[in-house]
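Here is a short note for a colleague opening this structure for the first time. Please read the points with the model in view.

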Amino acid sequence: MTSKTEGLLPKLPLADWIDSLVDWLTATFDAAFEGISGGLKTFVEGMVDGLGIIPPIVLIILMTLLTWKICNRNIALFTLVGLFLIDNLGYWGAMLDTIALVLTSVILSILIGIPVGIWASQSKVVRNIVIPVLDFMQTMPAFVYLIPAIFFFNIGVVPGVVASVIFATPPTIRLTILGIGQVPADIIEATEAFGSTTKQRLIKVQLPLAMPTIMAGINQSIMLALSMVVIASMVGAPGLGTDVYRAVTQIKTGVGFEAGLAIVIIAIILDRISQNIGKNKQGGTV
């Protein structure tokens, strides 16, 4: 047994400070949080309703054709069999909820991550501030993000999306910085010699050349958002994570395996699509 011992100095009331900050933010920006919550909830539910209108067989065929076009025949066959299996096992509705949660999180991660990454790549001061913040975000346990998310947005799909965005955004920022920073110096010097402005150089040279690396960051954000599915279910987010969490609490191994397998199938499909989009971008810049 271990016991807490008093340090040489009085303990800092860090927990109390954090609680006070959360209470102040909740009281001061309550209207803003309600607006964000309503907007995110409407967007996610709209995506689920939109996907739900399409009959499963039609959506399966469309996804199969998409993966065939972007990836190859083997991935298309895997998509066809995998989605049929998910539908057969009875997880189609939960899969749509999961896809909506993940896509919403990834879209927000891209909208936040790429501009911040571009800004940091162009300013050393910003980069020195952003990198330690990313280190903090990536090393903090994901469960911790759920606590303030519940305070600000109650329970449901919104805190799950918010926690997923915080958890999934760092790779997009990091690899955007890396991709732009890896553009060869002689190309940058050539654009400067021809009188290109910073904006022209960024849009016409740096971003196109960095796109494969940026897409790798987006791919990692997709995987991290999917890894948050089960954790988000603990605060009421619907989807396959709810089935996994319920199976764990009720010790139903078979159900947990089925829902977990559905998550794996979705993860592989999204991973291969994003990877091949990145490869196509790379081929287009050569």
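1. Start with the surface. I57, V58, I61, L62, L65, W68 and F84 form a nonpolar patch there, and together they have about 640 Å² of accessible area. Patch members have over 30% relative accessible area and no salt bridge; nonpolar side chains (Val, Leu, Ile, Met, Phe, Trp, Tyr) are joined within 5 Å, like charges within 9 Å. Accessible areas come from the Shrake-Rupley method with a 1.4 Å probe, and for residues only the protein chains shown count as cover.

2. Which helix gives the largest share of this nonpolar patch? Helix α3 (residues 56-70) does, with six residues. I57 is found in helix α3. I57 counts as partly exposed because its relative accessible area is 42%. The classes are buried (under 20% relative accessible area), exposed (over 50%) and partly exposed (in between), with a 1.4 Å probe and protein chains only.

3. A word on the basis. This is a predicted model: local features need pLDDT of at least 70 and side-chain atom pairs count only at pLDDT 80 or more, while totals for chains, interfaces and linings use all residues. Residues are numbered from 1 along each chain as its sequence is written, and side-chain values use heavy atoms, with hydrogens and water left out.

4. Now the overall fold. The chain has 13 helices and zero strands. Both are DSSP runs, numbered from the N terminus: helices are H or I with at least four residues, strands are E with at least two. The C-alpha trace spans about 65 × 65 × 45 Å along its principal axes. Of the 286 residues, 41% count as buried.

5. Look next at a helix pair. Two packed helices are described by the angle between their axes and the distance between the axes. The axes of helix α5 (residues 92-122) and helix α8 (residues 157-181) come within 6 Å, and they cross at roughly 35°. Axes here are lines fitted to C-alpha atoms, for helices over the stretch in contact; angles run from 0 to 180 degrees between N-to-C directions.

6. Is the crossing of α5 and α8 left-handed or right-handed? The crossing is right-handed. That term applies if the near helix is turned clockwise from the far one by less than a right angle, and left-handed applies if anticlockwise. The contact of α5 with α8 has 14 nonpolar, 11 polar and no charged residues. In this count Ala, Val, Leu, Ile, Met, Phe, Trp, Tyr, Cys and Pro are nonpolar, Asp, Glu, Lys and Arg are charged, and the others, Gly among them, are polar.

7. How many salt bridges are there? The count comes to three. The rule asks for a side-chain nitrogen of Lys or Arg within 4 Å of a carboxyl oxygen of Asp or Glu.

8. R174 is partly exposed at 25% relative accessibility. D135 is partly exposed too, with a value of 35%.

9. R246 pairs with D243, and their closest N and O atoms are 3.5 Å apart. Both residues lie in helix α12, three residues apart, about one turn of the helix. R246 is partly exposed at 39%, whereas D243 is buried at 16%.

10. R272 and D271 also meet in a salt bridge, at 2.4 Å from N to O. Is D271 buried or exposed? D271 counts as buried because its relative accessibility is 9%. R272, at 29%, counts as partly exposed.

11. Two loop residues deserve a look. F29 sits in the loop between α1 (14-28) and α2 (30-53). F29 is partly exposed, with a relative accessible area of 36%. The C-alpha atoms of F29 and F152 are separated by 9.0 Å, although the two are 123 residues apart along the chain. I251 is in the loop between α12 (240-249) and α13 (253-285). Its phi is near 55°, a positive value in a residue other than glycine. I251 is exposed, with a relative accessible area of 72%.

12. Last, helix α13. A259 lies in this helix. A259 is buried, with a relative accessible area of 0%. From A259 to T104 the C-alpha distance is 21 Å, and the two are 155 residues apart in sequence.
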